[in-house]
Amino acid sequence: MAARLEFDRISKRFGSKLALDSLCLRVEPGEILGFLGPNGAGKTTAIHLALGFLKASAGSGTLLGSPLGTASARARLGYLPDAPAFFASSTAFQVELAARLNGMRSSEIKGRVRQLLSRLGVESVKDARKLSRGMQQRLGLARALVNEPELLILDEPTSALDPSAVSQVRELLLAARNAGHSIFFSSHQLSEVEQVCDRIAFLNHGRLVKLGSLSELLHDQALAEVVVRGVTAGQLDGLFAEVLPGGQLRILIPQARQREVIERIWMAGGELISTAPRRRTLEQLFAEWSREL
Ligand SMILES: Nc1ncnc2c1ncn2[C@@H]1O[C@H](COP(=O)(O)OP(=O)(O)OP(=O)(O)O)[C@@H](O)[C@H]1O
């Protein structure tokens, strides 16, 4: 099936800075793809390339089947920028205008706008230009969702939201996904990412470092905790070992190396006390992947 968004070896250079380095990535129909990476990794640059706000220095891509930058594809797209701006006071007008520009039928617009504004808690806002950042984000989301877009691109959609708004947004995103829409969003809110994303793409220094479902990525990186006695840390060089009271050693190793390490301990005259799987969090993986070049 055709990807809703595809980057094919896309690079973007700003002067001497290579912000994006040969990015290959597809957002498939009906999936939520979380786009992660440390500050300055290149996430917003990739999003701006997808939207046609920037031109690639090399490579190509498609948005909803058309080459990046094609204006007609944008009517089937919803976009929430990191700092949404509003130019008129009426909240309903902002969202209605987006619906009209995207070709929605007039008969459908009023009901849809009312429903979204109420769902996102912005129906009684007086002046859209004087909103707090969190309220701007809620209104920006209503604007992005109004035309029931095939692809929703969100730059940090929940960064300024209070916990109840975060869960309302989570429900909206999952409902959109369940209706077959695709969502591509950048975020630093790892608990949100864990709860809604089907797959995760991790970018660092403009390069795609990891891509997969959270369970695959956590499984690949799974650790085992091994407790032994009768050996010293010096005999296990290269392995992280903590000395426990009583002289036992606690060792953390990738699960895939467990057998090899246990054999090494036996060869050195050590005795195995226990082994246990150690689940890692996305936060720990984020910290490790951020160190990868
Ligand atoms: N217009 C520009 N001119 C020069 N450099 C830029 C420009 N836009 C982005 N950059 C640089 O490109 C790199 C990637 O920036 P980008 O904003 O895409 O990162 P990001 O992953 O979205 O970061 P954050 O998580 O902080 O929002 C950074 O080093 C940034 O300074």
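Good morning. The structure is a predicted model, in which local features need pLDDT of at least 70, side-chain atom pairs count only at pLDDT 80 or more, and totals for chains, interfaces and linings use all residues. Residues are numbered from 1 along each chain as its sequence is written.

I begin with the whole protein. It has nine helices and 14 strands, taken as DSSP runs numbered from the N terminus (helices H or I, at least four residues; strands E, at least two). The C-alpha trace spans about 80 × 40 × 35 Å along its principal axes. Of the 293 residues, 36% count as buried, that is, 20 or more other C-beta atoms, placed from the backbone, lie within 10 Å of the residue's own. Among contacts with a separation of 6 or more, 67% join residues 24 or more positions apart; a contact requires C-beta atoms, placed from the backbone, within 7 Å.

I turn to the ligand. Its shell consists of Phe14, Lys17, Ala19, Gly37, Asn39, Gly40, Ala41, Gly42, Lys43, Thr44 and Thr45, each with its C-beta atom, placed from the backbone, within 6 Å of the molecule. By class, the shell has three nonpolar, six polar and two charged residues. Here Ala, Val, Leu, Ile, Met, Phe, Trp, Tyr, Cys and Pro count as nonpolar, Asp, Glu, Lys and Arg as charged, and the others, Gly among them, as polar.

Next, how do helices α2 and α4 pack? Helix α2 and helix α4 (residues 133-145) pack at about 30°, with axes 8 Å apart. Axes are lines fitted to C-alpha atoms, for helices over the stretch in contact, and angles run from 0 to 180 degrees between N-to-C directions. The two are therefore roughly parallel, the term for angles under 35 degrees. Thr91, Gln94, Val95 and Ala98 of α2 meet Leu139, Ala142 and Arg143 of α4. These contact residues comprise four nonpolar, two polar and one charged.

Finally, helix α2 (residues 91-101) also packs on helix α3 (residues 106-119), where the axes come within 10 Å and cross at roughly 130°. On α2, Thr91, Ala92, Val95, Glu96, Ala99 and Arg100 take part, facing Ile109, Arg112, Val113, Leu116 and Leu117 of α3. Seven of the residues in this contact are nonpolar, one is polar and three are charged.

Methods:
Contact = placed C-beta atoms within 7 Å. Buried ≥ 20, exposed ≤ 12 C-beta atoms within 10 Å, placed from the backbone. Parallel < 35°, antiparallel > 145°, perpendicular 65-115°, else oblique.
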